[in-house]
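Please have the model open while reading.

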Amino acid sequence: MGFNQAFHATAAYASPTDLEGFRRHISSEWIEEALEATGTATLRRRRLPSEQVIWVVVGMGLFRRRPLEEIVSKLDLALPGAGTIAPSSVSQARARIGSEPIKWLFERSGSTWAHRSANAHAWRGLRLYGMDGSTVRVPDTAENREEFGGHRSHGTVSSYPMVRIVVLMALRSHLLVAANFGRYEGTAELEYAKPLCESIPESSLTMLDRGYLGAQVLLGIEAGRDRHWLTRGQAKLKMKVLQRLGPDDELVEMVVSADARRKDPSLPRTWIARCIRYQLPGFSKQFLLTSLRDAKRFPAQEIVDLYHERWELELGYDEIKTDLLDREEAIRSKKPDGVRQELWGVLLAYNLVRLEMEAIARQENIAPTRISFVASLRLIRDEWEWLSLSNAGAIPKRLAELRRNVKRYILPPRRKRSYPRAVKLKMSSYNRKKPLAETVK
């Protein structure tokens, strides 16, 4: 059974009447358009055509511990009669298509799926998004070190080169709208965040970490029609109270820093936001800043409760790093464009899993965040392997069984955090791994 067939057969358990599944989600037209738009379409018959190489890259994201040639073999991606595919052939095929088609496909599919999802799970007419950054370690090669750099502190450099990444996520389904990543060293997270503002739609609320508190990003979000932002305040922030809207609820004026105005002369000298102060049991008093200045349309307590959904983005990063990538020290690719290709594939694979989880949630009439990512990922991995070895006649019975057992994927309702964050495990006492450049001297 081919990879595309495995896709639609596996997905069918979430919707008994829908037999197109993943094949419907990523249509062949999208794949062809991605290859043509980036100039990487296959012009001659190859043992591993470009269309199938895209699925190899997605398979890399889903089967973290499997060799590439095993992914090709198990998922039946080579042309009939091609025989055994050598590891070097897979590497050459990956290099042939590069990273651009995978990026194009992620951006096209992500914007379609995530915006549709956000629209279905809106709050007071606003679609909910989150934006935040993280880092990914990549193999310690001279090329990766040169391209991406690493973290430097007190005269030492990180053991692995690092990629800095920022994503825009539909918070109530974890589907990724867009992503931007690149060099870690010498590039601030905000530089990767700014272009993502173009992907934020009208009638939306984007929640951000307090590290994003600044006029450049937040006023950029606010510039769109009915586009809003919400973030935590910083204790050192100076504000002038303009109007009291209610208990611990006020409009404030802040000064745009001279540095920000030097970088962007179009920024005003001051800007106005709403400040809501609150205190949770066991925590110190905090305050939120937001562009939701209409106190009647957007009640203060609802905003306080809503802000803690920002944590869904942190959980999304955990799902990618801990579950999808199996907490490996670094991803696979040893060359910069391979790193970019692999990361776009990982993000696309994550969205495919999340899309199927949303289908299960819709069937059970519950929130997508109530579906277990670990259980869903395990199911998809197991089913692809099982389907590759099964005859077509056994599939309907197997899928019916999956539908009957769907409730095992449902999690309890999300609880509010009751304790402050703390480190649960101490760092290892072993010596730190030295960068490759230091070991070859």
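About 90 Å³ of space lies in the largest cavity of this predicted model. The structure holds 3 cavities of 30 Å³ or more. Strand E1 (127–137), strand E4 (162–170), helix H13 (311–324) and helix H14 (336–364) are the elements that each give two or more residues to the lining of the largest cavity. Among the lining residues are Ser134, Val136, Ile165, Val167, Tyr317, Lys321 and Leu343. Sorted by class, the lining consists of 9 nonpolar residues, 1 polar and 1 charged.

The next stop is helix H4. Helix H4 covers residues 50–62, and at 1.5 Å a residue its 13 residues should span 18 Å; the C-alpha atoms at its ends are 19 Å apart, which agrees. Most of H4 is covered, with 11 of its 13 residues buried. The buried set includes Ser50, Trp55, Gly59, Met60 and the run Val56, Val57 and Val58.

Most residues other than glycine have a negative phi. Histidine 174 is not a glycine, yet has a positive phi of about 70 degrees. Histidine 174 sits in the loop between E4 and strand E5 (175–183). Because its relative accessibility is 0%, histidine 174 counts as buried, the cut-off being under 20%.

Aspartate 248, also not a glycine, has a positive phi of about 55 degrees. The loop that holds aspartate 248 runs between strand E8 (240–246) and strand E9 (249–255). Is aspartate 248 buried or partly exposed? With 39% relative accessibility, aspartate 248 counts as partly exposed.

Technical notes
Residues are numbered from 1 along each chain as its sequence is written. This is a predicted model: local features need pLDDT of at least 70, side-chain atom pairs count only at pLDDT 80 or more; totals for chains, interfaces and linings use all residues. Side-chain values use heavy atoms; hydrogens and water are left out. Helices (H or I, at least four residues) and strands (E, at least two) are DSSP runs, numbered from the N terminus. The expected span of a helix is 1.5 Å times one less than its number of residues. Buried means under 20% relative accessible area, exposed over 50%, partly exposed in between (1.4 Å probe, protein chains only). On a 1 Å grid over the protein atoms alone, a cavity is a set of points where a 1.4 Å probe fits but cannot get out, and a pocket is an open set with protein on both sides within 12 Å along at least five of seven lines; lining residues have an atom within 4 Å of a point. Grid points are joined across faces, edges and corners, and a volume is the space filled by probe spheres set on the points. Ala, Val, Leu, Ile, Met, Phe, Trp, Tyr, Cys and Pro count as nonpolar, Asp, Glu, Lys and Arg as charged, and the others, Gly among them, as polar.
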